[in-house]
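Have the sequence and coordinates handy as you read.

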Amino acid sequence: MSENKIKFEVEKEVFLEHIKAAGLRRTEQRDLILETFLSTEEHLTSEDLYVLVHRIDPTVGLTTVYRTLKLLTEAGLAREVRFGDNKTYYEHHYNHEHHDHMICTECGKVIEFFSPEIEALQDQMAENFGFKATHHSLRLWGFCDECQKTSRETHTASGAQPRVRVKTAIH
Ligand SMILES: [Zn+2]
Ligand SMILES: [Zn+2]
Ligand SMILES: [Zn+2]
């Protein structure tokens, strides 16, 4: 944990600056939420993070976790991502390179990828339409390597949107 505290020093500084600018106070609970968030590489919903934080400090409420995640997002430390199951997930944003996602609709595994060629093509496509893109999120849904071996659903190609059941390791 002491190692983590050193590791997250910069992020904590960024958070503190944001909190001060927002006219809020630094609290132990907010610090704990930030540390817990930075300690996992998962894509988390506020409920997922709440479960993790609650294990360390049961007095922290879900609303506090939710609001703190919003603050982390405003501060540029967290980023919201959506995987098509109507939930909002959060991932690290500060000092994290841009990437896109592949989502397994069977087991919920999320794969991060980055392709300079795809990025360049997207920019080119936007330019072709005179479109000024500010950000993008490319998501591929389907079946991960593992699930292709075990699932029978992989060969059904219907026009319907896939049912997405994203599962994180936190339960
Ligand atoms: Zn991209
Ligand atoms: Zn899978
Ligand atoms: Zn990601």
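This is a predicted model: local features need pLDDT of at least 70, side-chain atom pairs count only at pLDDT 80 or more; totals for chains, interfaces and linings use all residues.

The protein chain has 7 helices and 5 strands, and along the sequence they run α-α-α-α-α-β-β-β-β-α-β-α. Of its 171 residues, 19% count as buried. As for the contacts between residues at least 6 apart in sequence, 55% of them join residues at least 24 apart.

Now zoom in on T68, which sits in helix 5 (residues 62-74). Is T68 buried or exposed? It's buried: T68 has 26 other C-beta atoms within 10 Å, and 20 or more is what it takes to count as buried. Leaving out residues up to four places away in sequence, T68 touches R30 and I33. T68 and D31 are 37 residues apart in sequence, yet their C-alpha atoms are 9.3 Å apart in space.

That brings in helix 3 (residues 28-39), whose axis comes within 10 Å of that of helix 5 and crosses it at roughly 70°. Angles of 65 to 115 degrees count as roughly perpendicular, so helix 3 and helix 5 are roughly perpendicular to each other. The crossing is right-handed. Here's who makes the contact:

| Helix | Residues in the contact |
|---|---|
| Helix 3 | Q29, R30, I33, L34 and F37 |
| Helix 5 | T64, V65, T68 and L72 |

Sorted by class, this helix 3 and helix 5 contact has 5 nonpolar, 3 polar and 1 charged residues.

Notes:
Residues are numbered from 1 along each chain as its sequence is written. Chains are lettered from A and ligands numbered from 1 in the order in which they are written. Helices (H or I, at least four residues) and strands (E, at least two) are DSSP runs, numbered from the N terminus. A residue is buried if 20 or more other C-beta atoms lie within 10 Å of its own, exposed if 12 or fewer, and partly exposed in between; C-beta atoms are placed from the backbone. Two residues are in contact if their C-beta atoms, placed from the backbone, lie within 7 Å. Axes are lines fitted to C-alpha atoms, for helices over the stretch in contact, and angles run from 0 to 180 degrees between N-to-C directions. Angles under 35 degrees count as roughly parallel, over 145 as roughly antiparallel, 65 to 115 as roughly perpendicular and the rest as oblique. A crossing is left-handed if the near helix is turned anticlockwise from the far one by less than a right angle, and right-handed if clockwise. Ala, Val, Leu, Ile, Met, Phe, Trp, Tyr, Cys and Pro count as nonpolar, Asp, Glu, Lys and Arg as charged, and the others, Gly among them, as polar.
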